[in-house]
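Good morning, and thank you for coming.

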Amino acid sequence: MALLPLPPARVFAELLPPAAGEGRSRAREAEPGREVHVSGCAERSAAPDRARVRLRLSSTKGAAGEARSSVSRRLDYVTHSARQRGVLDKNVTVTKDFSRVENGYKMEAEVCITFSDFEKMQNVCNLLIEKLGGSINISPPHFYHAPEAVHTLRCEVCLAAVENTRQKAQEVCQLFGQALGKPLLIREEETKEWDGQTDCHLSDSSDLLTMQQRIERATIYASSKVFAIFEIKGKEKGKNKLI
């Protein structure tokens with residue numbers, strides 16, 4: 001999930017006098033009223049904070065009641081086990097389907113459980129496999145991010161890029177014996193987002209992927225590039241002028 005990048009700024013840093021007719025109000029505060037133009041970037045990542053597991057139960061019997069009863073007993077055990085281990089009811093969704101088949105009836109149920117604690121998820125799944133065996137089908141977990149986690153990542157990477165830009169401006173000013181003033185402009189020029197998917201031919205639903213591989217593939221990365229203009233407040237005390 002990548003955003004179309006804007007043309008990047010190509011200036012590392014430059015010290016510029018104000019344009020004619022500009023900067024007069026700032027001249028009283030900044031000596032001699034010059035500016036430093038810098039760009040900076042940052043990159044951050046966030047592992048998934050949610051996992052969704054689907055569990056399927058089914059039974060085909062000659063009598064309708066027997067098919068329903070077979071699935072209902074196992075379904076009650078699944079929901080009870082999840083609840084006992086701290087899974088909230090709002091994170092559990094159950095759907096049922098009953099149909100007539102040749103020489104009998106078929107009852108199916110699917111349970112979708114959302115976890116924010118991956119260790120708890122593994123404990124619940126291991127218990128159900130141990131107790132229900134082949135009578136339950138558990139799909140590989142689907143890892144993803146809650147919307148607020150993505151928003152937090154975007155904010156963090158932008159703020160980190162701004163901080164890196166400020167540090168770069170400060171270092172440039174110090175190099176020339178100047179003091180960094182207030183920011184006059186801060187602009188995010190480029191953002192990118194991508195996930196940890198590789199060229200591996202295995203899909204996320206493949207049983208061959210380990211838990212750690214699934215988490216790595218679901219991890220999202222974000223980068224931000226920022227351009228900023230700062231005032232220069234004149235020479236720092238004790239610094240020799242280099243220009």
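Which element gives the most to the lining of the largest pocket? Helix H3 does, with 5 residues. This is a predicted model, in which local features need pLDDT of at least 70 and side-chain atom pairs count only at pLDDT 80 or more, while totals for chains, interfaces and linings use all residues. Residues are numbered from 1 along each chain as its sequence is written, and side-chain values use heavy atoms, with hydrogens and water left out.

Let me turn to H3 and its partner. Helices here are DSSP runs of H or I with at least four residues, numbered from the N terminus. The axes of H2 (residues 64-84) and H3 (residues 118-132) come within 10 Å and cross at roughly 150°; such axes are lines fitted to C-alpha atoms over the stretch in contact, with angles from 0 to 180 degrees between N-to-C directions. H2 and H3 are therefore roughly antiparallel, a term for angles over 145 degrees. In contact, meaning heavy atoms within 4.5 Å, Arg74, Tyr77, Val78 and Ser81 of H2 meet Leu127, Leu128, Lys131 and Leu132 of H3.

Definitions and conventions: Helix = DSSP H or I, 4+ residues; strand = E, 2+ residues; numbered from the N terminus. Parallel < 35°, antiparallel > 145°, perpendicular 65-115°, else oblique.
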